[in-house]
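Q: Could you walk me through this structure feature by feature? I would like the general idea each time, and then the case at hand.

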Amino acid sequence: EFKDAEDEEFWERVEEILITSDVGVPTTAKLVAELEQEALERNITSGRVLRELMIEHAVRILDKPVELDISHKPTVLLMVGVNGTGKTTNIGKLVSFLPGKTMLAAGDTFRAAAIEQLQSWGERTGAAVVARERGADSAAVAHDAVEAAKAEGADVLLIDTAGRLHTKMNLMAELDKVKRVIERQLPGAPHEVLLTVDATTGQNGLRQAKLFHEVAGVTGIILTKLDGTAKGGIALAIANEVGVPIKMISVGEQIGDLHPFEAREFAQALFGDL
Amino acid sequence: MFDTLSDRLGKALEGVRGSGNLTEDQVKKVTREIRLALLEADVNYAVVKEFVGNVRERATGSEVSKALSPGQQIVKIVNEELANLMGGTSSKLSFASRPPTVVMLAGLNGHGKTTTAGKLALFARKQGKTPYLVACDTYRPAAIEQLQQIGRELGVPVYAEGTEPSPEEIAERGVKAARDGGYDFVIVDTAGRQVVDQNLMDEIKRVRGAVRPHSVLLVLDVVTGQNAVEIAEVFKEYVDYDGMVLTKLDGDARGGAALSVVSVTERPIKFASEGEKMSEFDYFYPDRMAGRILGM
Ligand SMILES: Nc1nc2c(ncn2[C@@H]2O[C@H](COP(=O)(O)OP(=O)(O)OP(=O)(O)O)[C@@H](O)[C@H]2O)c(=O)[nH]1
Ligand SMILES: Nc1nc2c(ncn2[C@@H]2O[C@H](COP(=O)(O)OP(=O)(O)OP(=O)(O)O)[C@@H](O)[C@H]2O)c(=O)[nH]1
Ligand SMILES: [K+]
Ligand SMILES: [Mg+2]
Ligand SMILES: [Mg+2]
């Protein structure tokens, strides 16, 4: 229970909750400082009121429009992220999440059976999959796919890419090339560049978001594997320190496990233990 | 983005020279910096608390030597304490006295199990073994094809029965097929799972029971944050692994998770995976990790 703004033990508990949720030191320090200030100014002595206030502050950082821009024809969405974070799976899920006729592009030509994995999602959802053989140029697949989407009147084209660590210059350059090829085929595209971030990720998530954003102009984040034990506090750090909005959450491996991000719900879960 | 701990300690101890004990105030400043550095490196909150306590104790009593600046001296203490936590030496691949040696992999979704299966097969072959892979992920689309493609590239046979039978049935028959075929090193790949998924955790326990592995390895992504400890503890409870594989070390994550899980579970990290290529795999060297975590 909260006594007053001088209540060291309480602030320590707040800090512990944020740090152990992977919010990280800078964003935690900012939040705690803001709250301490406000508690002092408004002479707050109720734990309940303060908890509400904390949620408000977190929501202020997180609350951005989450709708995907699908107003184009075709709308092109590019999925990017480090290895194993959930790109392919969530492309599969997006097919049924988004309205209209959807096409998929097997842009991961590198990882073993990445193409087959996407094709299997295509079969499951009824979306056509544009693919070349393994080892083919990923930008060439993107090129084919944009052409096919235009020719066949698809509403949405979802382009998968290989997982890559943000530290690998050559792979990041390849991503840049994929993006430029898409742009050339269809000015204004890709209309959404989504970055998958695994909710169990610690502070490295900030580096991931920063560098992918620099190279690919990320328009939103899909926070994945939130069905696990992690609260995904790194998303709060990313929103605060990199400024990229969280747009969706993924809570499982099945088609229905993709949802729009709800800032308030997320913040409430973050402070659930307080 | 990160300052190295040495820089930070240097700053915290600016102006402190020569001999004599550090003052209480100086120790306080120093432990604050250490605490921040460890938290930024994703070392578990509770582990940090204990660690910082140990360092404080040693730093308070210690003479500042003439040879080292106070900053260097603290860095030395921190390094020694970290090395202690990480465990001293790196372990070697061990084999069952009665072949085949069966190694089972377990871990969260996407942390690198299937890739590690291939890497471990190659690693074992380089040590004169005849590896054999068993595909027990019946959930993830094309998980079996993934292992088959990896096996084909390496020239290592892959046992698969599709997705209909249960993982434990496939595992059991796969190990038998390896034995019948005269293979002496069997690697069982399993599906990724979250530790809160009771069904899947019970299932992997059954897979373990069905194959009675010589070794169980927990595959853990080095970027894992504060949750690493809980994840490692729950997997330990269900599959009682004897070691871990730390993956994606080719990135720039500090890897505090490694320190946390080793200190809490008392299971060593045995292997380091550092790339997508099958050859990018080696024993884990704990001493290298301490420097990485602290950015030194
Ligand atoms: N529990 C859980 N698993 C997920 C979620 N999203 C994806 N996965 C699983 O995470 C693993 C990796 O997912 P993928 O979609 O293959 O990830 P990726 O980013 O495409 O991986 P690469 O292409 O290899 O970089 C698979 O086992 C997925 O089923 C989620 O929200 N919850
Ligand atoms: N850069 C890098 N990528 C890795 C490493 N180990 C695995 N990967 C990549 O990480 C992604 C996931 O690897 P998988 O082996 O499919 O992971 P998994 O644990 O089997 O995944 P699930 O079966 O879906 O749970 C793939 O893109 C791999 O190429 C590594 O050490 N470094
Ligand atoms: K659709
Ligand atoms: Mg993929
Ligand atoms: Mg796998």
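A: A polar side-chain atom of A:T88 lies 2.8 Å from an oxygen atom of ligand 1. The side chain of A:T89 has an N or O atom 2.5 Å from an oxygen atom of ligand 1, and A:T85 brings a backbone N or O atom to 3.2 Å from a ligand oxygen. The protein covers 96% of the 640 Å² of accessible area that ligand 1 has on its own (Shrake-Rupley method, 1.4 Å probe; for residues, only the protein chains shown count as cover).

Q: Before we go on, what kind of model is this, and how are its parts numbered?
A: This is a predicted model, in which local features need pLDDT of at least 70 and side-chain atom pairs count only at pLDDT 80 or more, while totals for chains, interfaces and linings use all residues. Residues are numbered from 1 along each chain as its sequence is written, chains are lettered from A and ligands numbered from 1 in the order in which they are written, and side-chain values use heavy atoms, with hydrogens and water left out.

Q: Which residues come nearest to ligand 1?
A: A residue is near a molecule or strand if one of its heavy atoms lies within 4 Å of it. Of the 22 residues around ligand 1, the nearest are A:K87, A:T89, A:D227, A:S250 and A:E253. Ligand 1 lies between chains A and B. Helix α4 (residues 87–97) of chain A supplies the largest share of the shell, four residues; helices (H or I, at least four residues) and strands (E, at least two) are DSSP runs, numbered from the N terminus.

Q: How many residues of each class does the shell around ligand 1 have?
A: Here Ala, Val, Leu, Ile, Met, Phe, Trp, Tyr, Cys and Pro count as nonpolar, Asp, Glu, Lys and Arg as charged, and the others, Gly among them, as polar. The shell around ligand 1 has one nonpolar, 14 polar and seven charged residues.

Q: What surrounds ligand 2?
A: Residues from chains A and B surround ligand 2, so the site is shared between chains. As for polar contacts, a polar side-chain atom of B:T115 lies 2.6 Å from an oxygen atom of ligand 2, and an N or O atom in the side chain of B:S273 is 2.7 Å from a ligand oxygen. The protein covers 96% of the 650 Å² of accessible area that ligand 2 has on its own.

Q: Now the strands: is β6(A) buried or exposed?
A: Buried means under 20% relative accessible area, exposed over 50%, partly exposed in between (1.4 Å probe, protein chains only). Five of the five residues of strand β6 (residues 220–224) of chain A are buried, so it is largely enclosed by the rest of the structure. In a regular strand the side chains alternate between the two faces of the sheet. From β6(A), A:G220, A:I222 and A:T224 point one way, and A:I221 and A:L223 the other way.

Q: Which strands pair with β6(A)?
A: Two strands pair if DSSP finds at least two bridges between them. β6(A) pairs in the parallel sense with strand β5 (residues 192–198) of chain A over five bridges, and A:L195 has A:I221 as its bridge partner. Strand β7 (residues 246–250) of chain A also runs parallel to β6(A), joined by three bridges, and A:L223 stands opposite A:I249 there.

Q: What do β5(A), helix α8 and β6(A) make?
A: A crossover is right-handed if, with the strands pointing away from the viewer, the path from the first strand over the helix to the second runs clockwise. β5(A), helix α8 (residues 204–216) of chain A and β6(A) make a right-handed β-α-β unit.

Q: Where is the cis peptide bond of A:P190?
A: Most residues other than glycine have a negative phi, and most peptide bonds are trans. A cis peptide bond joins A:A189 and A:P190, with omega about -5 degrees.

Note on methods
Polar contact = N/O pair within 3.5 Å; in protein donor to acceptor, adjacent residues only side chain to side chain.
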